[in-house]
Amino acid sequence: MVTAECHAHIFMDGVDYKKAAAAHENGPREDLIWEHLAAYQKAGISYVRDGGDPYGAGVLARSLAPEYGITYRTPVFAIHRAGRYGKIVGRAFSDWKEYCTLVREVRRAGGDFIKIMTTGILDFATKGHVTSEPLSREEVFAMTAAAHDAGLSVMAHVNGAQAVMDAAEAGVDSVEHGNFQNEESICCMAEHATIWVPTIVTVSNLLENGRYPAETLAWIFETQKKGLQLAFEKDVVLAAGSDAGAYGVLHGKGIREEESVMRKILGAENGQELEKRLAFGEKKLREKF
């Protein structure tokens, strides 16, 4: 059983993003953060890695987490290019100088790592489409190098095979989501020992609730299954994270659902091996972040 939630957003509630975000607009709500931390404690989670927010919720959660026996890590805010996806979890840069300024701000604020947004998100209503134009390969390389030069590991929000290859080859420490991959991108992660946090439950929890076209969701989930199966075969370093706070993914409960869906995809015959792999991935992630 995993003891870490490797991708969460403490300011979201898994039910209503707009309402959850509004609750923190005038400053992070301590009562709501306590509630989410209690859910992790109840689920047996002792480590949470946050994906960033623009309200300071992750920073407050980090200060409160030890009272629940939880080590909490946060990038303070995620960093995205202006006009591209990422506003909901962080701050934007328009040029290289602004990016470097944001990296310094993360360091001054005591951020534990840098999170970069290199692509948009998958479109749940279409097959294989990722929203927002991806960053160029050159930009991803430069952003990663600058973060590493500042002494900080890099968590990268990435979707699409080419974007995953760009991120892995740039040396990011973890790829988050990584939807719509192919064999080349998965082998690339294996080659570079990139930790992959696939957050599969963000789709599996939507399969039967009617929010999006059932046929399209089934197709997307099938691509995730094949990706995980191939990653397991190719010895990609895997870590369990649920994207807790995203629609349909509750804090505490979400990571257990992620662990469960990974077991179902890989089959009972691989259960013990998956447990070993996830323990290894959790160990590596804790070391880096």
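These legends describe close-up views of a predicted model. Local features need pLDDT of at least 70 and side-chain atom pairs count only at pLDDT 80 or more, while totals for chains, interfaces and linings use all residues. Residues are numbered from 1 along each chain as its sequence is written, and side-chain values use heavy atoms, without hydrogens and water.

**View 1. The largest nonpolar core has 82 residues.** A nonpolar core is a set of buried Ala, Val, Leu, Ile, Met, Phe, Trp, Tyr and Cys residues joined through side-chain atoms within 4.5 Å; buried means under 20% relative accessible area (1.4 Å probe, protein chains only). Tyr99 and Ile114 touch the most other members. Helix H9 (residues 214–233) gives the most to this core, 7 residues; helices are DSSP runs of H or I with at least four residues, strands are E runs of at least two, and both are numbered from the N terminus.

**View 2. Ile114 has contacts beyond its neighbours within four places in sequence.** Among them are Pro75, Tyr99, Val103 and Met155, where contact means heavy atoms within 4.5 Å.

**View 3. Met262, Arg263 and Leu266 of helix H10 meet helix H11.** Their partners in H11 are Gly271, Leu274, Glu275 and Leu278. By class, this contact has 4 nonpolar, 1 polar and 2 charged residues; Ala, Val, Leu, Ile, Met, Phe, Trp, Tyr, Cys and Pro count as nonpolar, Asp, Glu, Lys and Arg as charged, and the others, Gly among them, as polar.

**View 4. Phe180 has a positive phi of about 60 degrees.** Most residues other than glycine have a negative phi. Phe180 sits in the loop between strand E8 (174–177) and helix H7 (183–191), and is buried at 15% relative accessible area.

How values were computed:
Buried < 20%, exposed > 50% of the residue type's maximum accessible area, 1.4 Å probe, protein only.
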